[in-house]
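Biologist: Can you walk me through this one? I have the sequence open beside the coordinates.

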Amino acid sequence: MRPLDAEHSLRAVRTGDGAALARAYTANRTHLAPWEPTRSADFFTEEWQENHARQCVEDAAAGRSIRFLIESHDGEIRGRMNINNIVRGAFWSADLGYWIDSSSTGRGLATRAVAQVLDYARSELRLHRMQAATLLHNLGSQRVLAANGFEQIGTAPEYLKIAGEWQDHLLFQRILRSHR
């Protein structure tokens, strides 16, 4: 575990996280709906989340992705940080995704967690570049990225199907300056 502040730590998803993930997603269902793909009712169950946690562990072991949880001191999940689509070869890059619990926004938690994830991507995964995408109107996420040194590199029309619609996204990148 890596501390983010006096109340929160960042750690990798592990098996056994299904119940806490189901509680977090259920509590944030309305909060996350405008920013995420449309979710089935099964997504919010402990069983679905536990299966997903197992898949996260497998993906991390295979080097495809690593997903982190922001955990409060009481053991509840207050957000996620995801390094997805890790590509090696000539690219050494990945995609960053994240969300923060509705009760924890606006306090710098996402900014601190992104900074730790970038440090991990650079030092542990030895990545050269991290990319992130936000909806055009997601100013809060854009501020988090800017605070962590991301630069806007373009716009992607109909990039992801979010809230049931193919939506345009702003693309950002951060060169990690790994010393490989």
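Modeller: We can go through the sheet, the helices, the pocket and a few backbone angles. Keep in mind that this is a predicted model.

Biologist: Fine. What is the strand order in the open sheet of 8 strands?

Modeller: The order is S1-S2-S3-S4-S5-S6-S8-S7, and the pairing is mixed. S1 (2-3) and S7 are the edge strands, each pairing on one side only.

Biologist: How many bridges join S7 to S8?

Modeller: 8 bridges, between residues 151-162 of S7 and 165-175 of S8, with the two strands antiparallel. Thr155 sits opposite Leu170 of S8 there.

Biologist: And what is between the strands of that hairpin?

Modeller: 2 residues. Ala163 has a positive phi in that hairpin, near 50 degrees.

Biologist: Which other non-glycine residues have a positive phi?

Modeller: Asn85 is one of them, at about 55 degrees, and it is found in strand S4. Trp92 is another, with phi near 45 degrees; Trp92 belongs to the loop between S4 and S5. They are worth a look because most residues other than glycine have a negative phi.

Biologist: Back to the sheet. In which sense do S2 and S3 pair?

Modeller: Antiparallel, over 5 bridges, with S2 covering residues 8-12 and S3 residues 66-72. Ser9 has Glu71 of S3 as its bridge partner. Helix H3 (residues 46-62) packs on the sheet, where it touches S3 and S4 (77-87). The direction of H3 makes about 125 degrees with that of S3.

Biologist: What does H5 lie across?

Modeller: H5, residues 139-147, lies across S5 (93-100), S6 (129-135) and S8. It runs at about 160 degrees to S6.

Biologist: Now H4. How far does it reach from its first C-alpha to its last?

Modeller: 21 Å for 15 residues (109-123), close to the 21 Å expected at 1.5 Å a residue.

Biologist: Which residues of H4 are buried?

Modeller: Leu109, Ala110, Ala113, Val114, Gln116, Val117, Leu118, Tyr120 and Ala121.

Biologist: Change of topic. How much space lies in the largest pocket?

Modeller: About 1,200 Å³. It is lined by 46 residues, and the closest to its centre are Trp35, Glu36, Gly97, Tyr98 and Trp99.

Biologist: Which element gives the most to that lining?

Modeller: S5, with 6 residues. At least two residues each also come from H2 (29-32), H3, S4, H4, S6, H5 and S7.

How values were computed
Residues numbered from 1 in each chain as written. Predicted model: local features only at pLDDT ≥ 70, side-chain atom pairs only at ≥ 80, totals over all residues. Heavy atoms only, no water. Helix = DSSP H or I, 4+ residues; strand = E, 2+ residues; numbered from the N terminus. Expected span 1.5 Å × (residues − 1). Buried < 20%, exposed > 50% of the residue type's maximum accessible area, 1.4 Å probe, protein only. Pairing = 2+ DSSP bridges. Contact = heavy atoms within 4.5 Å. Axes fitted to C-alpha atoms, helices over the stretch in contact; angles between N-to-C directions. 1 Å grid on protein atoms, 1.4 Å probe; cavity = no way out; pocket = protein on both sides within 12 Å on 5 of 7 lines; lining within 4 Å. Points joined across faces, edges and corners; volume = space filled by probe spheres on them.
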